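Colleague: I would like to learn how to read the sheets in a model like this one. Could you walk me through them?

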Amino acid sequence: MSQALPLQGIRVIDYSHFLAGPYVGRCLAALGAEVIKVERPGSGDAGRQHATVLDGQTSGYFLQLNMGKRGVSVNMKDPRGRAFMHRLCDSADVFIENYRPGALDRLGLGHAELRARNPRLVYCSISAYGHTGPDAHRAGFGLIAEAKSGIMQMVGTPGEAPPLLRISLGDMYTGIHAVAAINAALLGRERSGRGQHIDMALYDTLVSMHEYAVQCYTLQGVLPQQTGHDMPTSTLYGVFRAADGDLVIAAQVDDAWKRFAALVEAHGGPTGFGGDTRLHDSVGRNAAREHILAVVKPWVAARTVAELTALLDGIDVPCAKVQRIDEVLADPQIQARGMVVEQQHPRHGTLRLPNLPFRLSDCDTTIRETAPDLGQHNAEVATELGFSDAEIAALQADGVLFAHTPLAQESP
């Protein structure tokens, strides 16, 4: 690799917890930033207690979201802890938080106070509803935003309650948007000399994801409905059950449909199915959706997933098996792309965790350093901030800088 990572030299203070904020910090660390994770004394980030827990104290969830960071634990109820944090934020380029609006003002870590001290600071807030509007004060998680956004209402089987999405769509999508906004603000700072406040809301982000539903309603007055396993406006596009598993087929484009229909007819489907010109455009296919499904479902059900993917790959119709996680991890494509990162943990040996999808031609964004234990880098960071050995020892002795870990490297 011939270049330094693009964010090298940028210091980030990650004063966040659970998912959205820590994910932002992990992404910035992968891009080269120095990220310092700040946690409360005692239990630390609530994500440390989130499944999967390896030994009663180490969370795989936390390990995944906080790799590549240094860790400090500061008692903000002590004035010395607040002074420590102010000095740390004075040295920073970026501050990340994902608490309810106003919560950090009471700790002296709100945007106005930190910006007054450090005008170049890019301050990124992530919350359920944002810092403005009638719901700004309300608590929320990704689940709340998924329900409010209209996304949840569109998935699942008609007549049944929508299912949980099972991935944290709101947190992760908001997080990566925050990464983009932070980088844009850092670039803008090069011209203006000033940082700014980035106000990210999970609800906003999920509403912005609607590539179809909003315009469907605003332009045509049509409310999208639950459709189960396929899309009535994109025939044929959906999930189908084969003899030994499930697969998805995307034959909604005219040329792909013609190849698919001809294949079905040639392999036991009804005579004339491939040549039915009424089905050669999307309007005709959507109108005949029930007829098409009545042909395709039993045709798929009579074959294995491997047979079907071989046939469909052979005519260049996009398809894929619905894979379990163990199959994903064993997938040669995922292995070739380096999408599972291996790290050596001092207590747990080799860790295998999802990598980030950043691929830069001239530098490697893979993080090899494991997530920090609680307070692991207290003394190291304090020394960099100019605290004397005696001051550090006093802060440690009084619990202002807290560490509760066998890995803490605390030197007086």
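Modeller: Gladly! Let's begin with a pair of residues: Arg241 has Asp246, in strand 8, as its bridge partner. Keep in mind that this is a predicted model.

Colleague: Which strands does that pairing belong to, and how many bridges join them?

Modeller: The general idea is that backbone hydrogen bonds pair the strands of a sheet, either parallel or antiparallel. Here, strand 7 and strand 8 (residues 246-250) run antiparallel and are joined by five bridges.

Colleague: What is the strand order in that sheet?

Modeller: The order is 7-8-9, in an open sheet of three strands with antiparallel pairing. Direction ignored, neighbouring strands are turned by 20° against each other on average.

Colleague: What packs on this sheet?

Modeller: Helix 12 (residues 289-301) does, touching strand 7 and strand 8, and its direction makes about 45° with that of strand 7.

Colleague: Now the sheet of six strands: is its pairing parallel or antiparallel?

Modeller: Parallel, in an open sheet with the order 3-2-1-4-5-6. Strand 3 (70-73) and strand 6 (197-201) are at the edges; each has a single partner strand, which means one side is left without a neighbour in the sheet. From one strand to the next, the twist averages 20°.

Methods:
Residues are numbered from 1 along each chain as its sequence is written. This is a predicted model: local features need pLDDT of at least 70, side-chain atom pairs count only at pLDDT 80 or more; totals for chains, interfaces and linings use all residues. Side-chain values use heavy atoms; hydrogens and water are left out. Two strands pair if DSSP finds at least two bridges between them. Helices (H or I, at least four residues) and strands (E, at least two) are DSSP runs, numbered from the N terminus. Axes are lines fitted to C-alpha atoms, for helices over the stretch in contact, and angles run from 0 to 180 degrees between N-to-C directions. Contact means heavy atoms within 4.5 Å.
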